[in-house]
Each structure stands twice: as structure tokens, then as C-alpha cells.
Amino acid sequence: MRRALDLAGRGWGRVDPNPLVGAVVLAHGEPVGEGYHAEFGGPHAEAVALAAAGPRARDATLVTTMEPCAAVGKQPACVAAILAAGIRRVVIAMPDPNPAMAGGAASLRAAGLEVEVGLAREEAERQNAAFLHRHAGSRRPWVVVKLATSLDHRIADQSGHSRWISGEEARDWVHWLRAGFAAIGVGGRTAQVDDPSLTVRGDTEPRRAPTRVVFLGHRRLPLEAALIRTAREVPTILVAPEFTPADAAQFGDRGVTLIPAATLAEGLGEIGTRGIGSIVIEGGGRLTGALLAAGLVDRLAWIVSPVWLGEHGIPAVRGFEVGSLLQAERWVVAERKPLGQDTALLFDRR
Ligand SMILES: NC(=O)c1ccc[n+]([C@@H]2O[C@H](COP(=O)([O-])OP(=O)(O)OC[C@H]3O[C@@H](n4cnc5c(N)ncnc54)[C@H](OP(=O)(O)O)[C@@H]3O)[C@@H](O)[C@H]2O)c1
């Protein structure tokens, strides 16, 4: 299953809004075929693994990270392929949360196969958290906040400089991370101070360039900001409590989409209804604090670098209050990952 999960991860950035899925065929305990869902609309992991195994799949075990689909979608149903291949036992990490595709485990059992569900389920669900979120019925996208901080939890020095707190490996990892999201967001101050391009510039090329989203208050971005200048090349959305007709003319002319929203929850909901199922929000501190206060963060991707920025550096989280330790929310560690001198820590809200 661990091998199947690793294989599934290779679809990162290529299969959204479909799930990441990996599969291995085992004959007499030896892998004889493996596969993963590599492209949106392309062959499913199970079908690839079965094809690779060929006749060796007869009486073998299929290990897969998600319940095989029972219905025909863009691809033929995997259940039919498993039966045709003569598989005897199927080991599944997580059930398929998509009601249109679920029921695979029951169909396989009904056909007389031995079926086990739940091996490494937590890891599989963590890997497909965005997919699970979508099928849980939420209007807003799955929200990950990514921050790079000093040891004293500062995201910039006192004059606002944050390039670069983290090292090259961490920055490469961020480009890999971005590739798996439908959108990349930042707060208005960060868009102004850093003038970022919020594009994916790593080895993993996303199927679609993530949409860029800036959460504004009452201040406006200058028209010469990189995000505005390139809005015709990469989709760009501004979210703010209100927009004037002058905003609509200026930004609209440059290809920017404006979403008026009184609250962050409403803004994210609007983004979700436009088909954006996941967003990585890269600070700054005020936006992060407001998102946390509103309960809108599902995962924190936190890069900690061995550097001190001192009391006057810009805090990672602002405007977020917790009454007492008794009321404090405790999150779950999803992953700890060394990145050169830095460490990435992933935390999930329970
Ligand atoms: N190290 C890192 O990972 C990292 C990441 C990002 C940024 N940074 C650094 O962080 C600094 C900027 O951070 P920041 O905390 O000052 O600003 P920020 O969080 O980027 O932006 C704050 C602004 O967002 C707007 N906003 C929209 N909706 C909001 C809401 N619901 N609640 C609060 N604000 C909302 C407000 O604009 P109005 O003021 O118009 O009301 C607010 O001033 C920069 O120096 C940047 O270099 C570092």
C-alpha cells in the first residue's frame, strides 16, 4: 500500500479535480504490475496496473489506494476490469466518496472476491483531502495556508522583506505544492509589498495554471502590479468587500475578475462556485489570522527556517485570539519533511 500511495502521488498537479490513485498487483507476494492515475480523464490506476500485470493478474491481489469505480465515467469501470483479469483479492485504502462512482467494493464482494477496506486509510485520505472536501458538500474550496517563518514565527523583517527566509529546496517544494492547487491566494498587503507573480515555476507542470486570487480590503492594487499586468495570461481574481465602477473599468479592462464579498467565507464560497476546488493561500499574517479566526483553514503548510527575525519582524498570524489553553484547538500533524536547512510541517484541522 505504501508503494501504491507513492505511485498515486505522481499524479499531483495532473489529475485535479479527479483523485490521486495508485495501484499494485501482487502475485505470490511479489509486485507484477503497478500503475497510477497520471492524467485527468486518462486511464485509472487499477487498469494500468492490471494491464502491466497481464496474465499474471489471474488469482492475484490488487492493492489500490481508492475503492475501484463501479460506474463507467470518462474511463471504463475498474470493477469490470478487475473481474475480467481474474483477481482474487482486493485491498483498498479508502472508500470512494464520490456517490456517482462508489459501490465498487460491494460489487467486487458480490462477485465473490475477497475485499478489505481501510489499510492506511488515514494516509490515503490525507493525500486526497481536496477530493474528500469537495464530496463533503462544501461550497468553498479546500484551503491550505502556506507560510515560511523564522524560528520566532516572523514572516518578514521589520521593513517587510521576506525574500528569502527559506532556502532553495523549500522554494522548489513550494512550486511543487502550488502545482496541485486550482488557485493560489495572498492578502492585499503581500500582493503590494512583494509584487509576486504567483505562478508555478518548478519541475511539476500543472495541467492548468492555478488561478491567482488576491484578498483585498479597501486598498487597491496598483495597475502596474505583476498580477494585474499578466492577468490576460494567467487567470486573476480580486476579492474585496466592494468594487466601484472605476475598479470594474480599470481592472476589468485588464482581464481581472472582480468578486465582491462582505466576508472571507463569502469570497471563498464564490470562488468555489466558479469551479475552484482547492486553494493554497500564501499569507500574509493578517489574512492568515482572519482565515483562522473564521475557521476557514483546513491545512497549514508551514516552513520553518533556522533564522531569527526579532520582535519587530512581521508576525505569521495577526488578529487571531484564543481565550485560554482550555479553549485552544489542537490540530493533527500530517507530515514532517526536511527541506535542506528548513523543515516543512503539515498540520490538519481535526
Ligand atoms: N514568509 C512568508 O511566507 C510570507 C508570506 C506572505 C507575506 N509575507 C510578508 O508579509 C507581509 C504582509 O503581511 P501582512 O500581514 O502585513 O498583510 P496580508 O495578510 O498580506 O494582507 C493584509 C490585507 O489584506 C486585506 N484583507 C482582505 N480581507 C481581509 C480580512 N478578512 N482580514 C484582514 N485583512 C484582509 C486587508 O487590506 P486593507 O488594508 O486594504 O484593508 C489587509 O490589510 C509582507 O511583508 C510580506 O513580505 C511573508
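Here are some friendly notes on this predicted model, point by point.

1. **Around the ligand.** The shell around the ligand holds 29 residues, and the closest of them are Gly187, Arg189, Gly217, Gly283 and Gly284. Two or more residues each come from strand 6 (142-149), strand 7 (154-156), strand 8 (183-187), helix 8 (188-194) and helix 12 (285-293). Helix 8 makes the biggest contribution, 5 residues. If you like to think in residue classes, the shell divides into 13 nonpolar, 10 polar and 6 charged residues.

2. **Strand 8.** This strand deserves a look of its own, as one of the elements that supply the ligand shell. It is mostly covered, with 5 of its 5 residues buried. The cover is on both faces: Ala183, Gly185 and Gly187 are buried on one side, and Ile184 and Val186 on the other. In general, side chains in a regular strand alternate between the two faces of the sheet. Strand 8 pairs with strand 9 (residues 211-215) in the parallel sense, through 5 bridges. Within that pairing, glycine 185 has valine 213 of strand 9 as its bridge partner.

3. **The largest nonpolar core.** This core has 52 residues, and the members that touch the most others are Val143, Ala183, Val213, Val214, Leu238, Ile279 and Ile281. Strand 6 gives the most to this core, with 6 residues. A second core of 40 residues is separate, and includes Val24, Ala77, Ile87 and Val90. As a general background, nonpolar side chains in soluble globular proteins tend to be buried together.

4. **Leucine 238 up close.** Which residues does leucine 238 touch, leaving aside those up to four places away in sequence? They are Val214, Leu216, Phe251, Val256 and Leu258.

5. Strand 4 (residues 89-94) runs parallel to strand 5, and 4 bridges join the two. Here arginine 89 stands opposite glutamate 114 of strand 5.

6. Because 7 of its 9 residues are buried, helix 2 is largely enclosed by the rest of the structure. After helix 2 comes glycine 54, which has a positive phi near 60°.

7. **Alanine 130.** This residue is found in helix 6 (residues 129-135). Is alanine 130 buried or exposed? With 23 other C-beta atoms within 10 Å, alanine 130 is buried, since the cut-off for that label is 20 or more. Alanine 130 touches Trp142, Gly277 and Ser278, not counting residues up to four places away in sequence. Proline 31 is 99 residues from alanine 130 along the chain, and their C-alpha atoms are separated by 29 Å.

Terms used: Residues are numbered from 1 along each chain as its sequence is written. This is a predicted model: local features need pLDDT of at least 70, side-chain atom pairs count only at pLDDT 80 or more; totals for chains, interfaces and linings use all residues. A residue is near a molecule or strand if its C-beta atom, placed from the backbone, lies within 6 Å of it. Helices (H or I, at least four residues) and strands (E, at least two) are DSSP runs, numbered from the N terminus. Ala, Val, Leu, Ile, Met, Phe, Trp, Tyr, Cys and Pro count as nonpolar, Asp, Glu, Lys and Arg as charged, and the others, Gly among them, as polar. A nonpolar core is a set of buried Ala, Val, Leu, Ile, Met, Phe, Trp, Tyr and Cys residues joined through C-beta atoms within 7 Å. A residue is buried if 20 or more other C-beta atoms lie within 10 Å of its own, exposed if 12 or fewer, and partly exposed in between; C-beta atoms are placed from the backbone. Two residues are in contact if their C-beta atoms, placed from the backbone, lie within 7 Å. Two strands pair if DSSP finds at least two bridges between them.
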